[in-house]
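Hi there,

Here is the structure I promised to pass on. Have a look at it first, and my notes on what turned up follow below.

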Amino acid sequence: MYNFTGELEGQTKENEDVQQLKRQLEEQKLKNSMLEKKLYEYKKKQTRVATYKTESEFNPTNFEDINSLSVPAWEQDYSKVYKRMVELNQQGITNLHDYFDQHPKEFFALIKQVQVTRCNHAADKLLNNRKISTLFDLFHPSGYKCIIETLETIQRHEKELITELPVIKSNGESVYCLMKWISHENHLKSYSNVHISLFDISDRYQVENQLRETNRRLSTLLGNLHGIVYQCCLDTHYTMLFLSKMVYSITGYQAGELLMNRDLAFINLIVPEDLPSIQKQLEQAVLNKERFTLEYRIKTKSGEEKWVWEQGIGIPNQDGVIDTLEGFMVDITDRKKAQLKLQNEQLHLQTVFETIPDLIWLKDPQGTYLNCNYQFEQFIGAKEEDIIGKTDYDFENKTQADWFNKNDLAAIQANQSNTNLEWVTFASDGHQALLETVKTPMFDSNGELVGVLGIARDVTKSKQNEKELKERKNWYKTIFNNTGTATCILNEKHEIVQMNDIFKKLSGFTQFDLDNKIQWMDFVSPQDLPRMIQYDKERRSPGENPPRQYDCTLISKQGTHHHVVISIDMIPGTTMSVASLLDITLRTKALQELKQSQEKYQNLVESINDIIYELDDAWNFSYISPSVEAITGYSPDFYLGKHFMSVVSPSDVSRMRKEFDQFLNSPDSTPFEFQPNTKNNQTVWLRISVHPKVNRGAISGLRGIASDITKQKAIEAELIQAKEKAEQANELKSAFLSIISHELRTPLNAIIGFSQLMDDSISKKDLLDMSKIIFDSGNHLLSLIESILNLTMLQSKQARIKAETFCFDDLLKNLRFFLEGELQKNGNKKLCTIFPLPDTNHKIELYTDKTKLIQLLSNLLSNAVKYSDEGVIEFSYRLKGSTITFAVKDEGIGIPLDMQELIFERFRQVDNSNTRKYSGVGLGLAICKEIAGLLNGNVWVESVEGKGSTFYFELPQAAKTRKIN
Ligand code: ADP
């Protein structure tokens, strides 16, 4: 296995720091001890001289020793000062120091009053014979304060005092002097003189200053160290005697809080779990009088946990017993964290090493395995411990082992990695895999070859993927080149990065242009460019949704304009977009032409009078030309969406449905004729042609033209009427001929036949009978001809009315006479007659054409006799105002209903066959109708076939009735 551990850089640095610190400390200590030694010698010279210093704790001891020295001395007159001080005390001013601070003038005045009364020779010598009269002259102003304080102390009955002050020599130099003040008590119990002895301590003062300076430097050094310098007792609390300032920044506690366990013992900062190990190591180090190195955790004032590294040593006391520890500690939290991180990383690396799917192994230069991972074990089929120490020849056949060795050597010789691909079989399960093996020579820190590291990766799958990817690339390329449209790929810099052959043809761009990074904007028409740039921007911004398809005009490299439809979208997961261009220049042109032709067609449709329509597959109107409004009154909008049958007039709907269904069963081009609904309910006839619209074999709708045939229909009706009339006339002509031939022939045959028979051989009686027949036949023929002439006259309007007033009774007499004559002629019939008697109370007069009236009524009476074989024939009349209505009723053969009007037309007979029973030519009732018309009257019949008939003649404004008195 690889050893991933190593010397920590941080730790080395700390060691160096400590070494340097120690060196500096040692130097300072040495300096100090030398200075202290010198000072000691000085002090020894002064024979335990004690100094009085305001800033230091000092107790004056035996002053006699000082006296024994030869020192300059003065006697001072102190009485005035003393008095003033007493006064001030009496005034309640106890703190004279502060008082004189506030009254500097008085202070100086007072000082000046301390007179030097005597000065010895030694003093003169010390001061270079400088003449002084007051203490004021002797000292530098910085010493005045000290003088007044000293005097104040003396005033409090202190007899002997020592101060250290600089004294000014005559050349201006300062001499640092130790001064002994001795008060002389006089009999008045007040002080009047003070004896001051001076001792030059300049040399000592200089040494002390140097010591102070080295101490200051030491202190600065300790204060600026990254770690804490400490000194502690080797007791249960490790009571701290000294802690450098750095303790605050590391622990959060000031040194004062921890020194002498004032607020907290340092041991209490140590994390309890780490303490036993610390104690054990310290015990061991003290026992062996060795240095100790510790790493442990502390809890800072803020509760943070920190790691510290400590190195120290036990210090023996005068008795040689170690009772103090001195050392140095640094904050290694960051280093520790880094170390932990490194450990984790090592662990992680180890896990990776074991779980990585690659095979990893290490061989020494001779090919002996030093190390391998789990995957390699699988390949070899043995455990790591069985692999280490062996070579490939122990596991593989010779050829294979030679091959492996050859590659190892190649890597060593080339002094760089070599890679090879080969199929191998895994010994664990026999599966085969394609391995890509990288062999790298490994060197130690001295550059000596230590072995070859092998890493093999199973690339079976990736090789397969590579193959598939290659295939897919080929597919994509083929698809791209065969999309059928001009296709290109664009990047975010507006450059065309790929294009197919159709695109090249359309744009005129070549591979050379592509290599030179042509921009798609170079072939967009200027009017389309801003819009397309905007779309491109939006396409690349999330949340925007520009159109994916739009039209634009492109200008090829040769300057040809192409109208194209662009379909464009982003390629997912890339900054590229793919655009497909369909050249619709020809289509656009065709569409324009189509539009023009449609417009022409539309104009045509709108200008013709006929209606052009289209129905959809549900037979609803999908189009109808505007001309419909002129015909039906409804606008085209009225029809759109309506079912065809809903616009057909109700009278034609059922017929049209039938015809429509027939048409749908077997579509042909037979036109339909029907009446549509019209806005003003006018009768309109339309003829429509219907042509099916066929889509995939099925009728998807109908279309056709509708023409207004209203006028044509009216003409047709007239033609039919005329035709019917012509046919009638023809029938009448046939009837006339048949009647004429029958009616004329019968009497003529009788006349001619009997005339031929009359000769001598015929008896007289037969001759008389024959001549009667000839006479009757002649009369019949005559009446026939008269009837024809009569009717012709009446119909040609040549007949004139000869109106006259005549008596109604006369008319009755004439008619009765006529009826009797008729009855006689038809003597064989069993007929009775009812005739009205003349009115005896009233006289009725008629004003009309008497002859024609008699002719009309005679005809009716004659027919009643003719068409009745038995029963009653009744003649009656009824007067209503001036209108008189005549009725001729019989119980004869009657007339069928459908003939009751027709019999009033010429030659119309109920039975017009040659074999008919009753003679006649069918002119009688026609003459009656003509006469009725001439007389402004009306003739009609009511009849039941087989039961009889009643003929009426109504004559208005013709009768006058007068009562007879
Ligand atoms: P006709 O010479 O045939 O009688 P008319 O003009 O007088 O001609 O009558 C026309 C026809 O009307 C007759 O042929 C007959 O068929 C019918 N007709 C007229 N009068 C009568 C009637 N009283 N009873 C039955 N049929 C009648």
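The largest share of the shell around the ligand comes from helix α28, which gives three residues. Helices here are DSSP runs of H or I with at least four residues, strands are E runs of at least two, and both are numbered from the N terminus. Both α28 and α29 (924–934) supply at least two residues each to that shell.

Before going further, a word on the source: this is a predicted model, in which local features need pLDDT of at least 70, side-chain atom pairs count only at pLDDT 80 or more, and totals for chains, interfaces and linings use all residues. Residues are numbered from 1 along each chain as its sequence is written, and side-chain values use heavy atoms, with hydrogens and water left out.

Back to the ligand. It is surrounded by 17 residues, and the closest are Asn 863, Lys 866, Tyr 867, Asp 890 and Leu 925 (a residue is near if one of its heavy atoms lies within 4 Å of the molecule).

- An oxygen atom of the ligand lies 2.7 Å from a polar side-chain atom of Tyr 867.
- A nitrogen atom of the ligand lies 2.7 Å from a polar side-chain atom of Asp 890.
- For Leu 925, a polar backbone atom is 2.8 Å from an oxygen atom of the ligand.

On its own the ligand has 520 Å² of accessible area, and the protein covers 95% of that (Shrake-Rupley method, 1.4 Å probe).

Helix α28 (residues 850–866) also holds Lys 852. Lys 852 counts as buried because its relative accessibility is 14%, where buried means under 20%, exposed over 50% and partly exposed in between (1.4 Å probe, protein chains only). Leaving out residues up to four places away in sequence, Lys 852 touches Leu 794, Ala 799, Arg 800, Ile 931 and Leu 934; a contact means heavy atoms within 4.5 Å.

Two other spots may interest you. Pro 166 is in strand β3 (residues 160–168) and, at 18% relative accessibility, is buried. Gly 559 is in the loop between β18 (549–555) and β19 (561–570), and its relative accessible area of 39% makes Gly 559 partly exposed. Gly 559 and Ser 507 are 52 residues apart in sequence, with their C-alpha atoms 9.3 Å apart in space.

Best wishes

Methods: Polar contact = N/O pair within 3.5 Å; in protein donor to acceptor, adjacent residues only side chain to side chain.
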